[in-house]
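Dear colleague,

My notes on it follow.

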Amino acid sequence: VADGIEKCVADFRADGVVRAEPFARVYTEVEGRMKKLVVPSSTYVTEGTVLVELDNEEQMFNQINLEGEMANAEAQRRLALEEDPVRYTSMKTYFEALEIRRRRLQADMKALRILAPCSGLWLAPDLSQRQGTTMSRGLELGVVQSSAAFSISAVVRQDDVSRLFTREQVRGTEVRVVGQ
C-alpha cells in the first residue's frame, strides 16, 4: 500500500522454448552406407567422439583412380621436363587441379566418420534401425545436447512488455515445462 492506493500487478504467461546449451544437430556431410553405429543413442559423448561410420565404395574407387592419375601425370611431367620445357610449364595448372581433387576427396573420406560436434548426450533413437542403409548428404542423424546449461526463449505480448521494463517491480518468475 503506497499512499493508501494498492498496486495490483497481474500475472501473465509467455510461451517459450527451453533449449540445452550446447545443442548441435548431427548431419551427414557425404553420402554413404551406414557401416556401424559406434555409439548408441542416449550415451554421453565428448567432442570429437566417432558416433557413426559410413562406407562409400565409389569414393574408394575415386581415390584409387586419382592416385593412378597422379602417378601418370608425374611421369608425364618428368618426361616433359627433359623433352619439352613449355609443356612442363603448362602442366602446372593440371597439377593444381589434381591437388584440389585430392584434398576434396580426402575431406570426403574423412567425413565418412561422423564426429560429435560438442560434448553432451547423443540422441539418435531410430538410427540403430538404419544399419546398412544408404544415407544421403545432409541427412540429420540426431542431436548432441548438454544438460549443463539451458536457455529459454519466450515471446511476450506487446501489452505485457511495458510491465517488464517500467518501475513496477517484478515479484518473481516461474518456468513450467509441459509434461512436468
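pLDDT is the predictor's confidence in each residue, on a scale from 0 to 100. The protein chain of this predicted model averages a pLDDT of 85, and 91% of the residues score at least 70. Over residues 1-9 pLDDT stays under 50, and the model has two contacts (heavy atoms within 4.5 Å) for them beyond four places in sequence. Where pLDDT is low, the predicted coordinates should not be read in detail.

Residues are numbered from 1 along each chain as its sequence is written, and side-chain values use heavy atoms, with hydrogens and water left out. Local features need pLDDT of at least 70 and side-chain atom pairs count only at pLDDT 80 or more, whereas totals for chains, interfaces and linings use all residues.

Helices (H or I, at least four residues) and strands (E, at least two) are DSSP runs, numbered from the N terminus; two strands pair if DSSP finds at least two bridges between them. Four strands form an open sheet in the order β1-β8-β6-β3, with antiparallel pairing. β1 (16-27) and β3 (43-45) each have a single partner strand, so one side of each edge strand lacks a neighbour in the sheet. Between β1 and the antiparallel β8 (residues 140-154) there are 11 bridges; Ala 24 has Val 144 of β8 as its bridge partner.

In helix α3 (residues 92-110), Phe 95, Leu 98, Leu 105 and Asp 108 are buried (under 20% relative accessible area, with exposed over 50% and partly exposed in between; 1.4 Å probe, protein chains only). What covers these residues includes α1 (57-83). The face turned away from them carries the exposed Lys 92, Thr 93, Arg 104 and Lys 110.

Yours sincerely
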